[in-house]
Amino acid sequence: MADLTIECVQGDIASQPDMESIVNAANARLMPGSGVAGAIHSAAGPELARECESLAPIAPGQAVITGGYGLPNPYVIHCLGPVYGVDEPSAELLGNCYRNALMLADQKGLTSIAFPAISTGVFGYPVEEAARIAVATIQSTARELTSVRRVRLVLFSDHDLTVFRNALNAGGNSG
Ligand code: ADP
């Protein structure tokens, strides 16, 4: 825990060249879509969708890993977040996304991973609750990690950046 850095930045998840892996807020079929999935697939190119075909479908909370292709990152970790109010228990399933993605990156020996705010777009998760779950899960998983040293939360809007920063500060970390 002591040597895991957690930071919040505003930006585009597909433009994080210094991270070894980025997380896709995927759909069950792991196909290009809107929001995060659209940005990642268009930067990665069609080879990403081809690799994804053999791994789909995935269930809420699950994570799978692929190459990054045209992205600046060698790996993409695809997570299916819960649809708020539909996939239950939502909080547990959202926490599973963060935990499973971190464990997968760690098993691959990766040192860095960048997350978007999973489920807070089309899937309708309230951003304050999602931020609390993200920060608490990353912090509680930290002690099990052996290679991951840097976790970045990439927020699209000013408002989401503030909410995530507040959640991180409330959780006893800075960034
Ligand atoms: P979900 O279907 O899991 O809700 P979305 O992709 O619809 O996923 O949105 C998740 C969050 O990511 C939303 O807060 C959205 O504003 C944000 N977002 C959309 N595009 C990007 C991007 N290119 N980089 C980072 N965050 C993004």
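Predicted model: local features only at pLDDT ≥ 70, side-chain atom pairs only at ≥ 80, totals over all residues.
Q: Which other strand does strand 2 pair with over two bridges?
A: Strand 5, also in the parallel sense. There, isoleucine 22 stands opposite alanine 114.

Q: How many residues of strand 2 are buried?
A: Five of its five. Ser21, Val23 and Ala25 are buried on one side, and Ile22 and Asn24 are buried on the other. In a regular strand the side chains alternate between the two faces of the sheet.

Q: Moving along the sheet, which strands are joined to strand 6 by bridges?
A: Strand 1 (residues 5-10) runs parallel to strand 6 and is joined to it by six bridges. Strand 5 (residues 112-115) is parallel to strand 6 as well, with four bridges.

Q: And which residue of strand 6 is the bridge partner of cysteine 8?
A: Leucine 153. Phenylalanine 115 also stands opposite leucine 153. On the way from strand 5 to strand 6 the chain passes through helix 4 (residues 127-141), and this β-α-β crossover is right-handed.

Q: Is strand 6 mostly covered or mostly open?
A: Mostly covered, with five of its six residues buried.

Q: Can we zoom out? What is the order of elements in the protein chain?
A: Starting at the N terminus, the order is β-β-α-α-β-β-α-β-α-β-α. That comes from five helices and six strands.

Q: What about overall dimensions: how far does the C-alpha trace span?
A: About 40 × 35 × 30 Å along its principal axes. The radius of gyration is 14 Å, which agrees with the value near 16 Å for a compact globule because the rule is applied to 175 residues.

Q: How much of the chain is buried?
A: Buried residues are 47% of the 175. As for contacts between residues at least 6 apart in sequence, 73% join residues at least 24 apart.

Q: Now the ligand. Which residues are closest to the ligand?
A: Gly35, Val36, Ala39, Gly121 and Phe123 are the closest, out of 21 residues surrounding the ligand. By class, that shell holds 13 nonpolar, six polar and two charged residues.

Q: Which element gives the most to that shell?
A: Helix 1, with four residues.

Q: Tell me about helix 1, then: which of its residues are buried?
A: Val36, Ala37, Ala39, Ile40, His41, Ala43 and Ala44. Those are seven of the 10 residues in helix 1, which covers residues 35-44. An α-helix has 3.6 residues a turn, so residues three or four places apart point the same way.

Q: What do the buried residues of helix 1 pack against?
A: They pack against strand 2 (21-25), helix 2 (46-53) and strand 4 (75-79).

Q: Speaking of backbone angles, which residues have a positive phi although they are not glycines?
A: Tyrosine 69 has a phi of about 50°, and serine 119 has a phi of about 75°. Tyrosine 69 is in the loop between strand 3 and strand 4, while serine 119 is in the loop between strand 5 and helix 4.

Q: Why does serine 119 count as buried?
A: Because it has 28 C-beta neighbours inside 10 Å, and the cut-off for buried is 20 or more. Tyrosine 69 has 19 other C-beta atoms within 10 Å, so it is partly exposed.

Q: Where are the cis peptide bonds?
A: One joins alanine 56 and proline 57, with omega about 0°. Proline 57 is in the loop between helix 2 and strand 3 (63-67). Another runs from glutamate 88 to proline 89, with omega near -5°. Proline 89 lies in the loop between strand 4 and helix 3 (90-107).

Q: Last one: where is glutamate 128?
A: In helix 4. Its C-alpha atom is separated by 7.6 Å from that of phenylalanine 164, 36 residues apart along the chain. Glutamate 128 is partly exposed, because 14 other C-beta atoms are within 10 Å.

Note on methods
Residues numbered from 1 in each chain as written. Buried ≥ 20, exposed ≤ 12 C-beta atoms within 10 Å, placed from the backbone. Contact = placed C-beta atoms within 7 Å. Near = placed C-beta within 6 Å. Nonpolar A, V, L, I, M, F, W, Y, C, P; charged D, E, K, R; others polar. Rg over C-alpha atoms; globule rule 2.2 N^0.38 Å. Pairing = 2+ DSSP bridges. Right-handed = clockwise from strand over helix to strand, strands pointing away.
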